[in-house]
Number of protein chains: 2
Amino acid sequence: MDTRAPAPDPAAKWVTLPSWLITQTALHAHRLVTDGLAAVDARGHHFRLLAELDRIGPVSQATLGRSSGIHLSDVVAALNELADRGLVERTPDPVDRRRNTVTITAAGRRQLRRQERRLARVQEELLAPLSLPEREQLTRLLGEVLRHHSGRD
Amino acid sequence: MDTRAPAPDPAAKWVTLPSWLITQTALHAHRLVTDGLAAVDARGHHFRLLAELDRIGPVSQATLGRSSGIHLSDVVAALNELADRGLVERTPDPVDRRRNTVTITAAGRRQLRRQERRLARVQEELLAPLSLPEREQLTRLLGEVLRHHSGRD
DNA sequence: GGAAATGGTTGGCCCGGCCAACGTTCCGAT
DNA sequence: ATCGGAACGTTGGCCGGGCCAACCATTTCC
C-alpha cells in the first residue's frame with residue numbers, strides 16, 4: 001500500500017483547532033529531535049538524564065527521575081542502556097543501601113556535548129520559518145501555557 | 001512508589017528549548033483532548049474519522065484515511081470500533097469490489113456533535129492563560145511552523 | 001519494635017504513528 | 001486478451017513516551 005504519513009485535508013475545520021496545531025507541530029518537533037539524537041545513538045530519555053546528571057552531579061535514581069521529569073520505571077530502563085554504553089556509573093550508596101548513586105562518566109559528558117550540539121541545530125530547523133522576534137513570541141506563549149498547566153492538573 | 005508525573009526541575013536549561021516547550025505543551029493538550037473524548041467514549045482517531053466522514057460524505061477507507069491523515073491500517077481498526085458502536089456503516093462498493101464505502105450514521109452524527117462540543121471546551125481550557133490576541137498569535141505562529149514542515153518531510 | 005514511607009526493579013498497558021506482508025480486485029500497456 | 005503492476009483492505013507487529021501496579025529491601029518515624 002501507500003504506506004506513508006498522509007497529511008490531512010487542509011479544508012477540514014479541525015485542523016485549525018489549537019490542540020491540533022500544537023500536537024501536530026509537536027509531532028514534527030519530536031521527529032526532528034528523535035532523528036537528531038538517533039544520529040548520535042541516543043533517545044530523549046538519554047539526553048534528559050545525562051543533562052540533569054551533568055547539572056546536579058551524582059544522585060540517586062529517584063531524585064534523578066524527579067529532576068528530569070521521567071517516571072522512575074523508565075529511568076531504570078534508560079539508565080541500564082546508558083550504563084551499558086559506559087556513559088554513566090551506578091554505585092550502591094553506602095549510607096543508604098536502598099539507593100544507587102548515579103554518576104556521569106567522562107564519556108557520558110562527551111556524548112552529552114554531542115547531543116547538545118545536535119539539538120541546537122534541531123531548534124534552528126524547527127523554527128526556520130519564523131523571524132527572531134516571532135520565535136521569542138512563540139516560546140513566550142508556550143511557556144505561559146505550560147506554566148499554567150504545570151502547577152496543577 | 002511515587003507514582004505520578006514528576007515535573008522537571010525548572011532550572012534545567014533544556015526546559016527552555018523550543019522543541020521541549022512544544023512537545024511538552026502538546027502533552028498537556030493531548031491529555032485534555034484524550035480526557036475530553038474519553039468522556040464521550042471516543043478517541044482521537046474516532047473524532048477525525050467521523051469529522052471527515054461528515055464533511056466529505058461516503059468514501060472508501062483509503063481516501064478517508066488520506067483526508068484525515070490517518071494510516072490505513074489504523075483506519076481499519078478505528079472503523080471497526082465505530083462500526084461496532086453503530087456510528088458508521090461499511091458497505092461493499094458495487095462498482096469497485098476492492099473498496100468499502102464508509103458512511104456516517106445518524107447516531108454517528110450525533111456523537112460527532114458531542115465530541116465537537118467537548119473539544120471546544122478543551123481549547124478554552126488549554127489556552128486559558130492567554131488573552132484573545134495572544135491566542136491568535138500562537139495559532140498563527142504554530143500554523144506557520146506547521147505549514148513549513150508539511151510540504152516535505 | 002512495628003507501621004509507613006522510600007528506593008529500585010520488573011512487567012505490563014495505552015495512544016498514536018508507522019511498516020511489512022498478503023490476498024483480492026482492477027486497470028493499462030503490450 | 002492477457003498479464004503485470006497498482007490500489008484496496010486486513011492482520012500483526014514495532015517504537016517512543018507516559019503511566020500504573022506489584023514486589024522486595026531498606027530506612028525512618030512513632
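## Protein contacts with DNA strand D and the pairing of chains A and B

DNA strand D is surrounded by 27 residues, of which the closest are Arg97(A), Arg31(B), Ala62(B), Arg66(B) and Asn100(B); a residue is near a strand if one of its heavy atoms lies within 4 Å of it. This is a predicted model, in which local features need pLDDT of at least 70 and side-chain atom pairs count only at pLDDT 80 or more, while totals for chains, interfaces and linings use all residues. Residues are numbered from 1 along each chain as its sequence is written, chains are lettered from A and ligands numbered from 1 in the order in which they are written, and side-chain values use heavy atoms, with hydrogens and water left out.

Sugar or phosphate accounts for 67% of the atoms of DNA strand D within 4 Å of the protein, and bases account for the rest.

| Side chain | Atom of DNA strand D | Distance |
|---|---|---|
| Arg48(A) | phosphate oxygen | 3.2 Å |
| Arg66(B) | phosphate oxygen | 2.4 Å |
| Arg98(B) | base nitrogen | 3.0 Å |

**The two copies.** With least-squares superposition on the C-alpha atoms of residues with pLDDT of at least 70 in both copies, chain A can be laid on chain B with an RMSD of 0.0 Å by a turn of 180 degrees and a shift of 0.0 Å along the axis. The two copies are thus related as by a two-fold rotation axis. Because 100% of the interface residues of chain A are also interface residues in chain B, the copies meet through the same surface, contact meaning heavy atoms within 4.5 Å.

**Aromatic pairs.** Over all chains there are two aromatic pairs, counted when ring centres of Phe, Tyr or Trp (its six-membered ring) lie within 6.5 Å, with planes under 30 degrees apart stacked, over 60 edge-to-face and the rest tilted. The rings of Trp14(A) and Trp20(A) are edge-to-face, because their centres are 4.8 Å apart and their planes are at 90 degrees. The rings of Trp14(B) and Trp20(B) also form an edge-to-face pair, with centres 4.8 Å apart and planes at 90 degrees.

Methods: A polar contact is a pair of N or O atoms within 3.5 Å; within protein, one must be able to donate a hydrogen and the other to accept it, and residues adjacent in sequence count only if both atoms are side-chain atoms.
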